[in-house]
Amino acid sequence: MIERSIFREEHEIWRATVRRFVEKEIVPFHAKWEEDGIVPRDLWLKAGAAGLLCCTVPEEFGGAGLDYLFDVVVFEELWRVGASGPGFLIHTDLVATYILSFGTDEQKRHWLPKMVRGEAIGSLGMTEPHAGSDLKAVRTQAVRDGNEYVINGQKVFISNGQLCDVIVLATKTDTSAGANGITLFLVESNREGFQRGRNLEKLGMKAQDTSELFFDNVRVPPANMLGSEGRGFQHMMTKLAQERLAQAIRSATVTETVIEWTVDYTSERKAFGQTIADFQNTQFVLADLKARATMARVFTDRCIDLFIFGKLDAVDAAMAKMVTSELHCETVDKCLQLFGGWGYMWEYPICRAYADARVVKIAGGSIEVMKTIIAREMFKDRSKSRARHE
């Protein structure tokens, strides 16, 4: 089998540390958190103390200043055990990187050390009831009023929404300017006028709090603006490849893990005088999934490598996200079938993995959007050529 080559010895030492933390602090309690619909804040403090949060944040802002692969290890070890509850990905891979990329020195010094320690939990406020993948359609407004901005609007499907202390919020500061009218703000959850809605009941990922958020005349100073006014859409576009890469890493990891579970189960479970694994159908199904999972992993690891060197483009990220997401969903479906009736029982990890999987075709941009991005790149030169001849 093709061995992964992107990790060095220090990453594998770190993996062993993360795995011990996950097995001790998360696995025994995750089922209870699924019932509660939320993980305790105490877990965030423990994760911060263990160094699991925001590994790439520079030392000057309270972090360890490590490379991206240390974050990848954390995400993979969570997904390896089906721990979909802790919203570390949003906090680490998106909110912290937004602040690092576009924040002022004051914003970085205020928020990043707290986020590294797990004392402040970050959330990304972009999706609205009528604006999902189409980020230009956001309606939440931030209107200048003297020396403040007044924010009104609503967000939905917000991960870490019940726990968050700071939100990277997408707003419209100029409703007539389209994409050029979008501005990002850092909004504290203790601001007057901010209200958390209900913790949404989802098909899967039940331990991760996912909320509606409401902003009713929330006043913030200009110092809370993240990046430049009217540049919010451009700022968001620079982070989409990273977000989609994270989705690909998740899907590649879960796909491999589910196949391993199924090999173990079918090797022990018997029917008609032989193990399930003895049937040719079982072997063919798993062989096909294994081959494609290996190819998906190789491509995803290549995209990780490109990202580290600043060379991952939107199209490659879209292809990784699309292919791995679809394979992820297909794998949990076919593997659950091989578990038979037990696969339909919530106590079995394959059942929870099946429920958790469906969102991957939606989160981070729908599969249809990924196909549009890829096709647009494929046909752009032909479209230009046709336009010249017309």
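So, one term before we start: when I say contact, I mean heavy atoms within 4.5 Å. What you have up there is a predicted model, and with that meaning of contact, here's how the chain is tied together. Take the contacts in the chain with a separation of 6 or more: residues 24 or more positions apart account for 74% of them.

Okay, overall build. The chain holds eleven helices and ten strands. Along its principal axes, the C-alpha trace spans about 80 × 65 × 40 Å.

Now the inside. Of those 390 residues, 52% count as buried. The largest nonpolar core has 90 residues, and Y98 and M236 are the ones with the most contacts inside it. Which helix gives the most to this core? That's helix α7, residues 232-268, with eleven residues. Have a look at M236 if you're turning the structure around: leaving out residues up to four places away in sequence, M236 touches Y98, M126, L135, A170, I182 and L184. Apart from that core there's another one, of 15 residues, and I151, L169, F194 and L213 are among them.

The chain exposes about 18,200 Å², and carbon and sulfur atoms supply 52% of that. As for charged side chains, we've got 48 positive and 53 negative. Where do the centres of the two sets lie relative to each other? They're 4 Å apart.

Notes: Residues are numbered from 1 along each chain as its sequence is written. This is a predicted model: local features need pLDDT of at least 70, side-chain atom pairs count only at pLDDT 80 or more; totals for chains, interfaces and linings use all residues. Side-chain values use heavy atoms; hydrogens and water are left out. A nonpolar core is a set of buried Ala, Val, Leu, Ile, Met, Phe, Trp, Tyr and Cys residues joined through side-chain atoms within 4.5 Å. Buried means under 20% relative accessible area, exposed over 50%, partly exposed in between (1.4 Å probe, protein chains only). Helices (H or I, at least four residues) and strands (E, at least two) are DSSP runs, numbered from the N terminus. Accessible areas come from the Shrake-Rupley method with a 1.4 Å probe; for residues, only the protein chains shown count as cover. Lys and Arg count as positive and Asp and Glu as negative; His and the chain ends are not counted. The place of a charge is taken as NZ of Lys, CZ of Arg, CG of Asp or CD of Glu.
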